[in-house]
Amino acid sequence: MQNNPTAIAQAMLAAGRANDAIATIARAAAAGDADALYQQAIWLLTGSPLARDLPQARHALRQAVDRGHSEARLVEIALAANGTGAPPDWAASLSLLDGACAAADPDARRIRRLLAGMALADGGEPATSPAVEHLVADGSVRRATGMLTVEECAHVARSAADLLAPAVVVDPRTGRSMPHPIRTSDAAVISPLREDPVLRAINARIAAASDTAIGQGEALTILRYRPGQQFRLHSDALPGVRNQRQRTVLVYLNDNFTGGETIFPDHGLTITPRTGDAIIFDNLDGSGNPTPRARHAGAPVIQGTKWLATRWIRARAFDVWTGPEAA
């Protein structure tokens, strides 16, 4: 750590010396240290300990890439695709991705191979909308069969594997996220930093299947259920928010387990997970109010491990950087 400005700055932060940490990184970044530039970019993106400044973060990130920082390159590819700190630029993202492939980056090459199998329009949107079938008479619960391929499902699960932590729920009294026995899975949120072009294209496909705009979606959340874990009966609607969760999209990432069915008791509907299938359901009634008929549960897993991707979709555009504060 003696000659590593980033490690020194992290130790300062841990000791409560935020100003010293910021100054240490600033000096090293000004001297062209790639790790320090990358750290500065991350701080500017996350808003801690520096104030959030997305365009300035992109500038620091580009400097880090110019100095050969491979992780910064992957983040820059993601941010170019999803429009963080600048308008979305799918072509620029692919150009950056090709540069990473030329540099023999294995993650970039895997992303490029997956993209080659996707039918995409010029902006990364699906060339055709997924076919959707109604599962209940009023059309409020629907299914897009095989919306993701097996390879795409594996990529989604792999993208979150190192982030998984015990899941939380929103306390209806306080609006705060907290652990609760109603939900016993592990969860990970795929922030824009990790929304690589494959994940961006999948989120665009989810938007098309749910007849919403991609900017209405919260960050994709990955859930892992081990034997005995479940999500008891609940509603996805949130207490006291102005921009309510209009729809939910669940994507089953595997099916080599037993149990784990999705149950809508008010519809008398039980859905057996199948790899790549997406379940789309409305959380609001025709007047825009939460409907109890959207209550659902994830039955306990009996054997194996269940992987699921969830995207909660708001009634209006949602800023994933500010999260609940933008509700």
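User: Which strand order does the open sheet of 8 strands have?

Analyst: The order is β1-β2-β13-β9-β16-β7-β6-β3, and the pairing is antiparallel. Strands here are DSSP runs of E with at least two residues, helices are runs of H or I with at least four, and both are numbered from the N terminus. Two strands pair if DSSP finds at least two bridges between them.

User: Where did the model come from?

Analyst: This is a predicted model: local features need pLDDT of at least 70, side-chain atom pairs need 80 or more, and totals for chains, interfaces and linings use all residues. Residues are numbered from 1 along each chain as its sequence is written, and side-chain values use heavy atoms, without hydrogens and water.

User: How many bridges join β7 and β16?

Analyst: There are 5, and the two strands pair in the antiparallel sense. For a landmark, look at L223: L308 in β16 stands opposite this residue.

User: How many helices and strands does the chain have?

Analyst: The chain has 9 helices and 16 strands.

User: How are β11 and β12 joined?

Analyst: By 3 bridges, with β11 (residues 262-264) running antiparallel to β12.

User: New topic. How many cavities of 30 Å³ or more are there?

Analyst: The search of the whole structure finds 1. On a 1 Å grid over the protein atoms alone, a cavity is a set of points where a 1.4 Å probe fits but cannot get out; a pocket is an open set with protein on both sides within 12 Å along at least five of seven lines; lining residues have an atom within 4 Å of a point.

User: How much space lies in the largest cavity?

Analyst: About 120 Å³. Volume means the space filled by probe spheres set on the grid points, which are joined across faces, edges and corners. The lining has 15 residues, and F231, H234, L250, H296 and L308 are the closest to the centre.

User: Which strand gives the most to that lining?

Analyst: β16, with 4 residues. At least two residues each come from β7 (220-225), β8 (231-234), β9 (245-252), β14 (296-298) and β16 (306-314).

User: And the second largest pocket, how much space lies there?

Analyst: About 530 Å³. It is lined by 21 residues, with L74, D107, L193, R194 and D196 closest to its centre. α3 (34-46), α5 (70-82), α7 (106-116), α8 (150-160) and α9 each give two or more residues. α5 gives the most, with 6.

User: Where is the cis peptide bond?

Analyst: It joins S48 and P49, with omega about 5 degrees. P49 sits in the loop between α3 and α4 (54-66).

User: What is phi at A104?

Analyst: It is positive, about 65 degrees, although A104 is not a glycine. Look for A104 in the loop between α6 (90-102) and α7.

User: Last one. What does the C-alpha trace span along its principal axes?

Analyst: About 65 × 45 × 40 Å.
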